[in-house]
Every structure is written in C-alpha cells, then in structure tokens.
Amino acid sequence: MMETREAENILSRDYNTISPSAKSLLLLKALTNIPFAKEAAELISLPGEYKPDFNKKDFVFWKRVVHFENRYWSVDQLLADLAITNILEISSGYSLRGLDTVDQKLVHYIDTDLPDLISQKKDFIAALKTDTGTKGELRVLPLNALDEDQFNEIVNSFPPGPIVIVNEGLLMYLNNEEKEKLCGIIYKILKQRGGFWITADIYVKTTLERFDDNEDDSLKELIEQQRIEDNMFESFEVASEFFKGEGFCIDKEALLDLPKISSLQYLVSNASPTDLMELKDHKKVQVTWRLKVADEN
C-alpha cells in the first residue's frame, strides 16, 4: 500500500503542466481522418485561422503524424469488439472519441481530463454536436486520474454493469510511483465491476526525433521538459511484468491496420529510399493493450 505522504505528494503535483501537449497533438491529428480533429483544431486556433499544410516535406513530421493517428485507431480497434456500454476515458486531451462514440452507439461515455482543459472542451463539444442528436449519452467531467476519491465518484455515477477505462497519452507522464497508484485505482474498480482497461501508453524507451530546424517542435520541447522518455518502459517484457505485478493480464493487443491510417500516404510520398528502408526495419516502440484483472475468466 502507498504511504500517506507519498499519496499526498502525487496529488499535490501540478498536472496542468501536461496539458500543453494536448494542443500540439490536436494540431497533428487534424491532418488525419480522426473524427472531429480538424473541426477541433479550427476552434482551438480562434480568433486565428487553422490552415492545414499537407505540403510539408519533413519526413520526421509525417512519421509523428502517422504514429499518433495509428495510436488513436488502435484504441478504437480494441473497443470495437466489446459489448460493454459504460466507457470512461481518462486524460483524454482534445480527443473527441467520446463524441464520435455516442454518435454511433448506445453507450454511456464519460470523458475526463484536468479542469482547465475540460472547461474549454465542453465549449468545443457544444459547438460540434450535430442537430440530429446522438444515440448514447456523453458527459464531460474534470478528473485528476490519481485522485482515488474523485475517480470512484465518477465511476459510481455510471449505470450498473462492467466498465471500460480508456487512456491514450497519460502513463508516459507518470513516474513509477504514480503508475502504481493509477493501477491500484483501476484494479479495484475492475475487480468490483468487471470490464477492461485499454491503454495506448505502452512505450519502450526511445528518443523522439526532432523536426527540421525550420519547423516548430513544441511537442519535443515539452517531452524534454517533462522527462517523458525517462518514464517509458525498458522493454515490452518489462511492461508486461509491471502490469502483472499490479494484478493485470493482457487480454488483447491491437494490430497494425495500415489501410486505416489516412496520413500514411504523406509519409510515403516524403520518404527517400533510405527512409523507406529504415521504416521497413523500424523496431516497434509502442503498443496498445487491453488489460483485465488477472484472476478474471
């Protein structure tokens, strides 16, 4: 069990410093077919104008776009074959997966992140909702995912039944102590209610390449500031053992679905023969896992 002082240290950390990454990621995802990403980028750019540039020639830039688009779709892939109708997304950033999901399915979806970001996101969702209505119910609520009382309060507001907890872009901001805290919270919830945890945050240690010198690379600067690469796992085997030690097992791993990645065409068109060879030999640095409590059938 975590000591009281350690828990207090975690809850006193200013996690709002993480939120600037959400805007950087949104502007990358707006160059893809991810639902509502372009519309959200237009809103976040006001009073200016968002002008997507598909003529960028920076190969590293397009590698990053492809990576984050694939990461988004990998979560949807692992959600698709579940019949569970209670879905909680934590640390969602400016992702509008919740809005897209309730447009298509009769689910109860709660979208959460830190208060400052959620306040703006509510305005975005109000502007993007269609006149035809939705099939499911979407709520957008503030949540520090390491605040167990707040986390449980939100979970208890769902209808009875199992729950799917989703996250994309959180664990790499957390040190080992904080990861253990989050795992403990989610383990107890899934043990009680049943369900799954889908996390796209299984990264092994690597170094994010910089864009060309003439490109703004605020995401890379933020990653260095937050020491994100230090928080990645040493290997996928180490990651598996970590979750096993926290009471989870891997139910399913997302598969690469190249036809789904709309930005792949721009990566290929801006690749030199050497770049293409490197892509072919590229080692995997991220996977998305659907986890469940280890002693569940």
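Okay, let's start inside: the lining of the largest cavity counts 23 nonpolar, nine polar and four charged residues. For those classes, Ala, Val, Leu, Ile, Met, Phe, Trp, Tyr, Cys and Pro are nonpolar, Asp, Glu, Lys and Arg are charged, and the others, Gly among them, are polar.

Quick housekeeping. This is a predicted model, where local features need pLDDT of at least 70 and side-chain atom pairs count only at pLDDT 80 or more, while totals for chains, interfaces and linings use all residues. Residues are numbered from 1 along each chain as its sequence is written, and side-chain values use heavy atoms, with hydrogens and water left out.

So, how is empty space found? Rolling a probe the size of a water molecule over the atoms shows where it is left. Here that's a 1 Å grid over the protein atoms alone: a cavity is a set of points where a 1.4 Å probe fits but cannot get out, a pocket is an open set with protein on both sides within 12 Å along at least five of seven lines, and lining residues have an atom within 4 Å of a point. Grid points are joined across faces, edges and corners, and a volume is the space filled by probe spheres set on the points.

Back to that cavity. Its volume is about 430 Å³. The lining runs to 36 residues, and S91, S92, G93, D113 and G169 sit nearest the centre. Helix 2, helix 3 (37-44), helix 4 and strand 2 (108-113) each put in at least two residues, with helix 2 giving the most, five. Helices (H or I, at least four residues) and strands (E, at least two) are DSSP runs, numbered from the N terminus.

How many cavities of 30 Å³ or more are there? Two.

Now the open space. The largest pocket holds about 1100 Å³. Of its 40 lining residues, K63, H67, H282, V285 and Q286 are the closest to the centre. Two or more residues come from each of helix 2 (20-29), helix 4 (59-80), helix 9 (218-226), helix 11 (264-269) and strand 7 (286-293). Which element gives the most to this lining? Helix 4, with nine residues. The classes here are 22 nonpolar, ten polar and eight charged.

Helix 7 (residues 148-155) and helix 8 (residues 176-193) pack at about 30°, axes 11 Å apart. Axes are lines fitted to C-alpha atoms, for helices over the stretch in contact, and angles run from 0 to 180 degrees between N-to-C directions. So helix 7 is roughly parallel to helix 8; the cut-offs are under 35 degrees for roughly parallel, over 145 for roughly antiparallel, 65 to 115 for roughly perpendicular, and oblique for the rest. From helix 7, E148, F151, N152 and V155 make the contact (heavy atoms within 4.5 Å) with K181, L182, I185, I186, K188, I189 and R193 of helix 8. That contact has six nonpolar, one polar and four charged residues.

The other pair is helix 3 with helix 6 (residues 115-128), at about 120° and with axes 11 Å apart, so these two are oblique to each other. E39, A40, L43 and I44 of helix 3 meet Q120, F124, A127 and L128 of helix 6. The class tally for this contact is six nonpolar, one polar and one charged.
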